[in-house]
Amino acid sequence: MSAEKKFRIAVIPGDGIGKEVVREGLRVLDHLANESNGQFSFESDFFPWGCEYYLENGKMMDEDGVEKLKDYDAIYFGAVGFPGVPDHVSLWGLRLAICQGLDQWANIRPVEFLPGVPRRLNHPDVETLNWILVRENSEGEYSGVGGRNFSGRGNGNEVAVQSALFTEQGCERIIRYAFDLARTRKRKKVTSVTKSNAQQYGMVLWDEVFARVSKEYPDVETDQQLVDAMAAQFVLHPEELEVVVASNLFADILSDLGSALAGSLGIAASANLNPEGCTPSMFESVHGSAPDIAGEGIANPIGTIGSAALMLDHLGLKEEAKLLNKAIEETTRKGFLTRDIGGTHNTVEITDAIIENLSMVK
Ligand code: ATP
Ligand code: MG
């Protein structure tokens, strides 16, 4: 038997339901490791960063937090956000600090129907949905460029500037990533989303890079859409989409729409990747901390467990990733559903069912 591979995972449960669903994801990972006959194991270190940490320490994470995370093979993340802490403080202080600090420039968000989950998108030609949203994750509208108070705060004349930063290199690497990904898929199609009629600098640069890179991929079908038209197309012509590549803000908005169309924010998984593998990648669900249901034990863990499947795949445990996705499908197909997707099962029951189904789908 080959020597055991030990993967070091940094776990950041964060706030609200983040803690509840990460706990379940780790149960699934432990189960897989126990069943691997010594092939692999996970060593998890917990970091208590988040809004409660902020309220006690005045910071969302340690100053050398990003440095600490560099030692790990992957990061498993819950969610941040807490009533009383402004969202821009929690987001920039932790999640964006990690994504940008570790150069996780590609955010991958699959949008898929799950069997047995009532979907919001009822289109006569669409039985399955297999989209992947590829989100630029290091610049664009979330570059943090700008400022406030240009003409005095409090006098009713304040001016704030929020700029979007687009570099040719940043556009090119994410667009190229989308094309390479499309090549591995059935339909081999990339749709690029901008608003280059109104945003005449950065998004025009993006369009130009897209046109240039696309010439190197003659085998991949392409389409370019404005984001407003794209939102309508998600609903009216879902059959036209496969890989969708967009800027930081636009892909964020479209991924909430996509996951809602598939049934719920609670089922959507995501990976923040450093595709070069120089720094660890981070795996988290698309949803936030959901303070409205935190502590009730009813959060849907599927987005976070699906993100663990993305992590397994990234770590090279491809078979286990496939098995886990199958076990999730088997679970919803059998009617194990949380409240957000029309069921009555709680968080722990869904995870128990997924673990049980893991041995059945083998
Ligand atoms: P963020 O700003 O972090 O994106 P948000 O304000 O968009 O957060 P979410 O926390 O994503 O809010 O929640 C939006 C809605 O979806 C809430 O009503 C919440 O209860 C519901 N929701 C989100 N995630 C889940 C989940 N895993 N299970 C059940 N319901 C969820
Ligand atoms: Mg949101």
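Predicted model: local features only at pLDDT ≥ 70, side-chain atom pairs only at ≥ 80, totals over all residues.
In which loop does K188 lie?

Figure 1. K188 lies in the loop between helix α5, residues 168-183, and strand β8, residues 189-194. Although K188 is not a glycine, its phi is positive, at about 60°. K188 is partly exposed, because 17 other C-beta atoms lie within 10 Å. R185 is likewise found in the loop between α5 and β8. With 14 C-beta neighbours inside 10 Å, R185 counts as partly exposed. Leaving aside neighbours within four places in sequence, R185 is in contact with E242 and V243. R185 and V243 are 58 residues apart in sequence, and their C-alpha atoms are 8.7 Å apart in space.

**Figure 2. The whole protein chain, as context for the close-up views.** The protein chain has 11 helices and 12 strands. Its C-alpha trace spans about 60 × 50 × 45 Å along the principal axes. The radius of gyration of the protein chain is 20 Å, which agrees with the value near 21 Å that a compact globule of 362 residues would have. Of the 362 residues, 47% count as buried. Among contacts between residues at least 6 apart in sequence, 77% join residues at least 24 apart. The mean pLDDT of the protein chain is 95, and 99% of its residues reach 70 or more. For the complex, the predictor gives an ipTM of 0.94 and a pTM of 0.95.

**Figure 3. The surroundings of ligand 1.** Ligand 1 is surrounded by 17 residues. The closest of these are G266, H287, G288, A290 and N300. By residue class, the shell around ligand 1 divides into six nonpolar, eight polar and three charged residues.

**Figure 4. The largest nonpolar core and the contacts of A308.** The largest nonpolar core contains 103 residues. Within this core, I75, Y76, V134, V244, A308 and L324 touch the most other members. Helix α1, residues 17-34, gives the most to this core, with eight residues. In soluble globular proteins, nonpolar side chains tend to be buried together. With neighbours within four places in sequence set aside, A308 is in contact with G25, V28, L29, Y76, F283 and L324.

**Figure 5. Y142 in strand β6.** Y142 has its place in strand β6, which comprises residues 140-147. Y142 counts as buried, because 22 C-beta neighbours lie inside 10 Å, where the cut-off for a buried residue is 20 or more. Apart from neighbours within four places in sequence, Y142 is in contact with L96, N248 and L249. Y142 and W92 are separated by 50 residues in sequence and by 9.5 Å in space, C-alpha to C-alpha.

**Figure 6. The loop that holds D103.** D103 is found in the loop between helix α4, residues 87-101, and strand β4, residues 106-112. The phi of D103 is near 50°, a positive value in a residue other than glycine. D103 counts as partly exposed, because it has 16 C-beta neighbours inside 10 Å.

Figure 7. G277 is found in the loop between strand β11, residues 269-273, and strand β12, residues 281-285. Is G277 buried or exposed? G277 has 9 C-beta neighbours inside 10 Å and therefore counts as exposed, since the cut-off for that class is 12 or fewer. G277 and Q104 are 173 residues apart in sequence, and the distance between their C-alpha atoms is 9.4 Å.

**Figure 8. I253 in helix α8.** I253 is found in helix α8, which comprises residues 248-262. I253 is partly exposed, because 14 other C-beta atoms lie within 10 Å. I253 and V161 are 92 residues apart in sequence and 21 Å apart in space, C-alpha to C-alpha.

Methods: Residues numbered from 1 in each chain as written. Chains lettered and ligands numbered in written order. Near = placed C-beta within 6 Å. Nonpolar A, V, L, I, M, F, W, Y, C, P; charged D, E, K, R; others polar. Core = buried A, V, L, I, M, F, W, Y, C linked by C-beta atoms within 7 Å. Helix = DSSP H or I, 4+ residues; strand = E, 2+ residues; numbered from the N terminus. Contact = placed C-beta atoms within 7 Å. pLDDT = per-residue confidence, 0-100. Rg over C-alpha atoms; globule rule 2.2 N^0.38 Å.
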